[in-house]
Amino acid sequence: MNLRILVFFVIGLLIFLLDIGFNAEQDSKDIYISDQELTSLLSAWQSQVGRPPSDEEIVNIINNFVQEEILYREALLLDLDQEDRIIKRRLAQKITFLKQETIPNDPSQEEIKKFFEKNKNNYFIPPTYSFSHHYFSKESNAKERAAEAFDEYQTNGAELTGDPFFLGKNFYQNSEDEIKKNFGALFFLAIKNLAINEWSGPHESVFGEHIILLKEITTGFYPPLEKVLLRVQQDYLSEAQEKAIAEYINEIRSQYRVIINPDYKF
Amino acid sequence: MNKSLIGLIAVSTVFLIYVTGFYTNFQSDSALEVIDFSIDKPASENSIPSNPDRIPLYGDLHVHTKYSFDAYIFGVTATPYDAYKYATGEAIKHPLGFDMKLREPLDFYAVTDHGFYMGMIENYADTSSEMSKKEWTKPMHNINRPENVNVESLGERADLFSSVLSQAIVQPYPYWHPKLWKAWFTNNIQVALKSFDYDVHKSAWADVANAAEEFNDPGNFTTFIGYEFTTSTEVEGGNLHRNVIFNSSNAPIRPWTRIDSLNPEDLWTWMDSLRDKGVDSLAMPHNSNGSNGQMFEVETFRGNPISIEYAEKRMRNEPVVEMTQVKGTSDTHPLLSPDDEWADFEIMDKRVGSRPPTYSMPQGGYVRDAYLRGLTLDWEGRGNPYKFGLIGSSDTHTGAGGFDEDNYWSKAGVLDGTDMGRGSVPLTQDRIDMLNQYADLYNQPISIQEIDGRTYADVGFDQWSASGLAVAWAEENTRDSIFQAFKRKETFATTGTRMALRFFAGFDMESIDLDSEDMVKNAYAKGVTMGADLFSQDNQTPQFLVWAQRDKLGAPLQRVQIIKGWVESASGTPKEQIYDVACSDGLLVDPVTNRCPDNGARVNISDCSISNDVGAGELKTIWTDPDFDPTIKAFYYVRVLENPTCRWSTWDSIKAGVTPRPDLHQTIQERAWSSPIWYIPESGELNIIPL
């Protein structure tokens, strides 16, 4: 298979179309396929399939396109586009896209900066907690044993040791959500207020008692704009688009009047 | 004589050319073309925390979205992106308009739409599509327009579900038929089907993959590119469904589906070929309970005897089985395990998708039976094809798995999204009329039933469950770490509860201090864990270490059991035995009955409240099998039971202010099952067994 076949095909198609064209009386029956259209057809195919189409496939793609175009025009002639919900929705969608596209694609640095300042909370990096704990199982006098162990540690400097805990002893940079997931909300309340590098306890969880050593808190912080620039840009754009559409509808809406039968039973 | 020889040569030459022609096609098979679906994302700066003692990660590997042919008909418009949002903790909408939200986010999730006809129904419904111009797509046009996603559309949808199925499925030919050969060798037979648009199909698959890539977040949340291979046996319609997941961004350009072949062995061949190309995957069978005993047959799909090669191929590709999900639990059946007091648990005894609902034979449909069959086959020298680990998953068709009894929406969208639709609450007169009308209109069997003077929907959804989860013991929350856990079978299944379960076996477990903070480290060092083989050491008796922890938001634990199965060496008879090994509330196992005494936990059926003062936060023990025989192969797996709680159907009736249906279980015991540990005796001289 080589390009020649394609050339013949295209010539054949042209003759066919010319024939249709000459026989047309009112509406033009030309189907003109622009270079741009061809490029986009072929690249759409490639993006779906992951490789460029073969010659045979190109023929098919163009054939499909032509067929669709012909059916589309015939359908228009029969007014099949009237009162079709899908078509309505599609057109409504298209005008929203249109309005979205009126937003400048490259907002100025100034605008991005302003947007970032305003929505800083969306980019907040929450604090994390690194800690170790000794666990005393609810199954065997957790409260007493934990209190005793802690007392021994405080008065005599005895080594702290408890029961095995399912997720282990040491936790590194866990966020609030992770701690709540692993230990429950009660445990997080305790850990939030602990002093650094000081064994403390016993603290209660669903599973029993814990003696906790909070090693490090990374404070939550607002990252500098450079670190989250990509996300900010995306968010800016989507907000601007939503705003543009809302504004557009508001503006036009006042020109419309909605009439609903007041006696209709919902 | 000479002539006929020449004729024979001529015929065989032509045949050879014919076959090699197809074989060449097979070599360039589109299903083996690998695509890199990865997308550019800013790499995370944080290092991924890793724990050598491993952590339990909870997930769901069986989720359908609008791309599944049946889900779309059920009114589902949730995308794979919506599904992943749900898994990370966001609320998404049920087709009937209410919010679905998880109690806590999951650690991993895989969207697994039916590979077969993926994306096609949405395409039929879209009246701007090429396909929608075909006459027979008309009933599906705009089926999910917002005003039609309601309970009234139920009859229409149920009808489409059955008619689409019969219309779209390729009638299989017997194995000798040349057309079936053609199907095997050209390997993309779906393209030849009039009801199929390959471009639509491929772009649906690409979108599924893209969603997985977009949401995969190493260290925090893991996704897998995957799909469901929805096959069944030819005559009886025995369910042979399995989910396939891939271990990276690299996946084939299209899923291998039942149109390619109904035979699971061909799926494994395809997976093997992909593995040779560096794309690792695994398949997970599910709903063996609805397979009419054919998921774990003692012969192959084609009726041939099972061989060592078959066993190895199956285990290479199917290391884990999804044994609990919305369509029931496949641990065991009361008929198979008459001595197991907990066997009658969420039994779904119909063949999957059968119309009218048809009984599914239990033998060969439950995992405990499969383990025994595996040992029997092994005993015959055919290898063990049923040496798999256990997971659960939801099989939701709304994008969102429902795991809680008190917050349940079943799975089939509009069909069972209401209590009346699920059969848990009596029907109102207009719903009765609707169902009768539907039966008339579409010539369907009557789908209402009288129970105790009240009328309920009779559609089989009352046997469905708020289950289950897959749990992997992994070093870190990444694709590779979780995938390796599945391959090791270091997994357990739960009915939706987030309990945790450790299980080890070894010959020096007794030296481990259960109360030491180094317990797990020592257990890994001195033994093997769930999913592994324990090889005999001089015929010593092994010890088993079990440790279970409750779901902090669920009910406390009641007991831990070890289930043992073996084949008697004298008679070849499969045997099973259940031992309670740890009881809550300081109770002790009765050494004669092997049971814990009643811990007194009760449920108040009028409001579903439970006893607060009994049950355990954790249970741990070291156990020795009192009947251990060092010369016999055996498997051991753990079952952990929570205190009883209300079943979803009871919750439904309480919310609706009616008395619960008397013929349904009003309470259940949520549970978890570990993958087994297999004990392998020393292979001494051959035992000659008289037959």
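Chain A is split by its domain assignment into domain 1 (3–82), domain 2 (84–113 + 227–266) and domain 3 (128–218). Keep in mind as you look around that this is a predicted model. Domain 2 is written as two stretches of sequence, 84–113 and 227–266. The centres of domain 1 of chain A and domain 3 of chain A, taken over C-alpha atoms, are separated by 71 Å.

Now take in chain A as a whole. The C-alpha atoms of chain A fill a box of roughly 105 × 65 × 50 Å along the principal axes.

Start with helix α5 (residues 109–118) of chain A and helix α9 (residues 229–253) of chain A, whose axes come within 10 Å and cross at roughly 90 degrees. Angles from 65 to 115 degrees count as roughly perpendicular, and α5(A) and α9(A) are therefore roughly perpendicular to each other. On the α5(A) side you will find A:I112, A:F115 and A:F116, which meet A:V232, A:Q233 and A:Y236 in α9(A). The residues of this contact divide into 5 nonpolar, 1 polar and no charged.

The other meeting place is between helix α7 (residues 176–183) of chain A and helix α8 (residues 185–192) of chain A. Their axes come within 7 Å and cross at roughly 130 degrees, and α7(A) and α8(A) are therefore oblique to each other. The crossing of these two helices is right-handed. From α7(A), the contact is made by A:E176, A:I179, A:K180 and A:F183, while α8(A) brings A:A185, A:F187, A:F188 and A:I191. Sorted by class, the residues of this contact are 6 nonpolar, no polar and 2 charged.

Finally, look at where chain A touches chain B. How many residues does the contact take from each chain? It takes 25 residues from chain A and 28 residues from chain B. On the side of chain A that touches chain B, the elements giving two or more residues are α2 (35–49) and α4 (85–101) of chain A. Helix α4(A) gives the most to that side, with 3 residues. By class, this side of chain A has 9 nonpolar, 8 polar and 8 charged residues.

Methods
Residues numbered from 1 in each chain as written. Chains lettered and ligands numbered in written order. Predicted model: local features only at pLDDT ≥ 70, side-chain atom pairs only at ≥ 80, totals over all residues. Axes fitted to C-alpha atoms, helices over the stretch in contact; angles between N-to-C directions. Helix = DSSP H or I, 4+ residues; strand = E, 2+ residues; numbered from the N terminus. Parallel < 35°, antiparallel > 145°, perpendicular 65-115°, else oblique. Left-handed = near helix turned anticlockwise from the far one by under 90°. Contact = placed C-beta atoms within 7 Å. Nonpolar A, V, L, I, M, F, W, Y, C, P; charged D, E, K, R; others polar. Domains from an automatic or database assignment.
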